Amino acid sequence: MNLNEMICHRKSCRSFTNVPVDAAAIETIKAFPMKPLYPEIKVRMDIVSRDKVKCICPWTTPQLIAIYSEEADGYLENIGFLFQQMDLYLQTLGLGVCWLGMGRMNPKTAVTVEGMKFVIMLAFGHPKGDQLRHDFKGFKRKSLAQIADTPDSRLEPARLAPSAVNSQPWYFTHEGDTIHVYCSRKGSRLDAGIALAHLYVANEGFRFFKADQITDLPGYSYIGSVTL
Ligand SMILES: Cc1cc2nc3c(=O)[nH]c(=O)nc-3n(C[C@H](O)[C@H](O)[C@H](O)COP(=O)(O)O)c2cc1C
């Protein structure tokens, strides 16, 4: 399955074996090329063992991806955009994965990365059993009409995107060929980046830009605009 096909099958995994992902696979994962929204923002990923992490969730994985970024404008949506590509990629390798907003670096062993802050982590590993979705019934998501000013089937990949506590904070408006992307002020811009990643993976012609003279919608912040 390729990344685009994985959009309709992916699922957060919370049940793993204790078998670590082997060194060869870790090298493949480190080499996976991810496209950024903002290439100028420095980002770093470290694959760390469980003992480097503090998390109160009842399940765990032997390894996690710790994600750091410069704190520049747009860094949250940039991280969501980059690492949702990784979420899909890990699942094409047959691994299970879950964004872990609850996870923190263990202060006893945490490394300080000059000029960067820890943002979030992804838990990944060998899933117990079949971990993918095989039909759309498993997706609990808003309708296309709820996430855009006009229902637009091209937004289906974004509609299916994962978000923290399934909040789905994104909203899309149309202006000619351009789609403007917003994020609810109560939601996380990281989630908006995740939805944008699905639009990128599903559309070869994806282009992201900041439009001139655009105003925020009430209760929403402007993230950027795309053509597909
Ligand atoms: C930014 C982010 C943070 C998340 N943090 C957690 C977490 O700490 N614990 C957890 O079990 N799931 C976490 N999730 C998974 C979401 O609950 C999940 O994506 C959402 O409910 C939709 O389900 P799905 O991913 O299976 O489609 C997180 C997801 C995202 C995108």
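Predicted model: local features only at pLDDT ≥ 70, side-chain atom pairs only at ≥ 80, totals over all residues.
**Stop 1: the cavity**

The space inside the largest cavity is about 40 Å³. Now colour the selection by class. Seven lining residues of the largest cavity are nonpolar, two are polar and one is charged.

**Stop 2**

Clear the selection and move to the largest pocket. About 720 Å³ of space lies there. Its lining counts 32 residues. Select Arg-14, Trp-99, Ser-163, Ala-164 and Val-165, the lining residues closest to the centre of the largest pocket.

**Stop 2: the elements around the pocket**

Switch to cartoon view. Pick out helix H3 (75-92) and helix H6 (189-202), then strand S4 (96-100) and strand S6 (117-125). Each of these four elements gives the lining of the largest pocket at least two residues. Which element supplies the largest share of that lining? Strand S6 does, with four residues.

**Stop 3: domains and classes**

Colour domain 1 (3-125) and domain 2 (141-227) separately. Both contribute to the largest pocket, each with at least three lining residues. Finish by colouring the pocket lining by class. Expect 17 nonpolar residues, nine charged and six polar in the lining of the largest pocket.

Terms used:
Residues numbered from 1 in each chain as written. Heavy atoms only, no water. 1 Å grid on protein atoms, 1.4 Å probe; cavity = no way out; pocket = protein on both sides within 12 Å on 5 of 7 lines; lining within 4 Å. Points joined across faces, edges and corners; volume = space filled by probe spheres on them. Nonpolar A, V, L, I, M, F, W, Y, C, P; charged D, E, K, R; others polar. Domains from an automatic or database assignment.
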